[in-house]
Amino acid sequence: MSYTIASDIHTHTLYSRHAYSTIAENIAAARAAGLEVLGSADHFSCMTYPGHDLRNYQFFLNQHAWPRTWDGVTLLRGAEADIVGLSGELFGQDVAANVTIVGNAYRDDRTLYDRVTEGLDYVVASVHNSAFTRDASLAQTTAMYVGALEQRKVLVLGHTGRSGVPFDMDEVLLRAKELGKLIELNDHSLEVDARGRFHGACSAIAERCAELGVQVSVSSDAHLAMYIGRYPHIEQMLEEIHFPEELIANRSRVALLDAMAAAGVCDMHELNNEEA
Ligand SMILES: [Zn+2]
Ligand SMILES: [Zn+2]
């Protein structure tokens, strides 16, 4: 069987510093690939800028400037936030951000994470630097992924098959199912290591999602516009394991927005009001 996957919600722009396309180029690529939805999820991570100055994160703060529909493509505002602690803490949650981008004091006390994600539709939570998990038990790393899933704005656990952190698969997948949240099947993970060390882990996660009835998000994790909406490695894997299409939450715009609302991450009605 072949799959139609009309939304790609894990993509990067050149803001991420090791990616190379603008949001306009990504929209054009999404349109050319026949996508209904493009989700932009740049790194919110120590990877991008040293220090925690809010001025480095203006890219996220001003995304309300983006049209909701651009050349016929629904554009979602997201971030890929690093998981940085064993309770599922995300980058910026332990950082006070009390100075505005023009250097004035904010009247309220809020964290960098809260200010950056306030206007975003969703967060992809991923481990990039796993050093903090090195001495952790399986129970602790499992609690880490569960804790990340339980964060309100987190819609997707990113590339768990590539991050290299072992965890109790059933516990994490069943919690995702309870919350209506998504486990990512990331094409970039297989592209960088096709049939290598990540394939077995990614395939095992996909197979267990199918068995347990857990929704997934198939993503390109494109760092260049030409890869937007392309998931050849994941599609081949899904075909091999006869993955049920109805568990792919991003198969269509309607299915994705329903899943986001059901998970309590972002309600479609709010999107419609903003568009009006
Ligand atoms: Zn990246
Ligand atoms: Zn990414």
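A helix here is a DSSP run of H or I at least four residues long, and helices are numbered from the N terminus. I keep in mind that this is a predicted model.

**Entry 1: E235**

With that in hand, I looked up E235 and found it in helix α9, residues 232–240. Is E235 buried or exposed, or something in between? I counted 18 C-beta neighbours inside 10 Å, so E235 goes down as partly exposed. Then I checked E235 against A6: the two are 229 residues apart in sequence, but 13 Å apart in space, C-alpha to C-alpha.

**Entry 2: helix α1**

Next I went to α1, which runs over residues 23–32. Which of its residues are buried? My list reads I23, N26, I27, A29 and A30. They span an arc of only 165° around the axis, so they sit on the same side of α1. I also wanted to know what covers them, and the cover includes β1 (7–11), β2 (37–44), β3 (69–70) and β4 (73–82). Just past the end of α1 I noted G34, with a positive phi of about 80°.

**Entry 3: helix α6**

I moved on to α6, residues 169–179, where M169, V172, L173 and A176 are buried. Their arc around the axis is only 95°, which puts them on the same side of α6. What do they pack against? I wrote down α4 (138–149), β6 (154–157), β7 (182–186) and α8 (197–212). Just after α6 comes G180, and its phi is positive too, at about 75°.

**Entry 4: α4 against α6**

Two packed helices are described by the angle between their axes and the distance between the axes, so I looked up both. For α4 and α6 I got an angle of about 15° and axes 9 Å apart. The crossing of α4 past α6 is right-handed. On the α4 side, I found T142, Y145, V146 and L149 in the contact, and they meet E171, V172, R175, A176 and L179 of α6. Sorted by class, the contact residues come to 6 nonpolar, 1 polar and 2 charged.

**Entry 5: α6 against α8**

How do α6 and α8 lie relative to each other? I have their axes coming within 10 Å and crossing at roughly 50°. The two helices are therefore oblique to each other. Here as well I noted a right-handed crossing, with α6 passing α8. The α6 residues I listed are M169, L173, L174 and K177, which meet I205, R208, C209 and L212 in α8. This contact has 6 nonpolar residues, no polar ones and 2 charged.

**Entry 6: positive phi without glycine**

R17 is not a glycine, yet it has a positive phi of about 75°. I located R17 in the loop between β1 and α1. With 13 C-beta neighbours inside 10 Å, R17 counts as partly exposed.

D221 is not a glycine either, and its positive phi is about 55°. I placed D221 in the loop between β8 (216–219) and α9. Is D221 buried or exposed? I found 25 other C-beta atoms within 10 Å of D221, so I wrote it down as buried. The cut-off I used for that is 20 or more.

Conventions. Residues are numbered from 1 along each chain as its sequence is written. Chains are lettered from A and ligands numbered from 1 in the order in which they are written. This is a predicted model: local features need pLDDT of at least 70, side-chain atom pairs count only at pLDDT 80 or more; totals for chains, interfaces and linings use all residues. A residue is buried if 20 or more other C-beta atoms lie within 10 Å of its own, exposed if 12 or fewer, and partly exposed in between; C-beta atoms are placed from the backbone. The arc is that of the directions from the helix axis to the C-beta atoms. Two residues are in contact if their C-beta atoms, placed from the backbone, lie within 7 Å. Axes are lines fitted to C-alpha atoms, for helices over the stretch in contact, and angles run from 0 to 180 degrees between N-to-C directions. A crossing is left-handed if the near helix is turned anticlockwise from the far one by less than a right angle, and right-handed if clockwise. Ala, Val, Leu, Ile, Met, Phe, Trp, Tyr, Cys and Pro count as nonpolar, Asp, Glu, Lys and Arg as charged, and the others, Gly among them, as polar. Angles under 35 degrees count as roughly parallel, over 145 as roughly antiparallel, 65 to 115 as roughly perpendicular and the rest as oblique.
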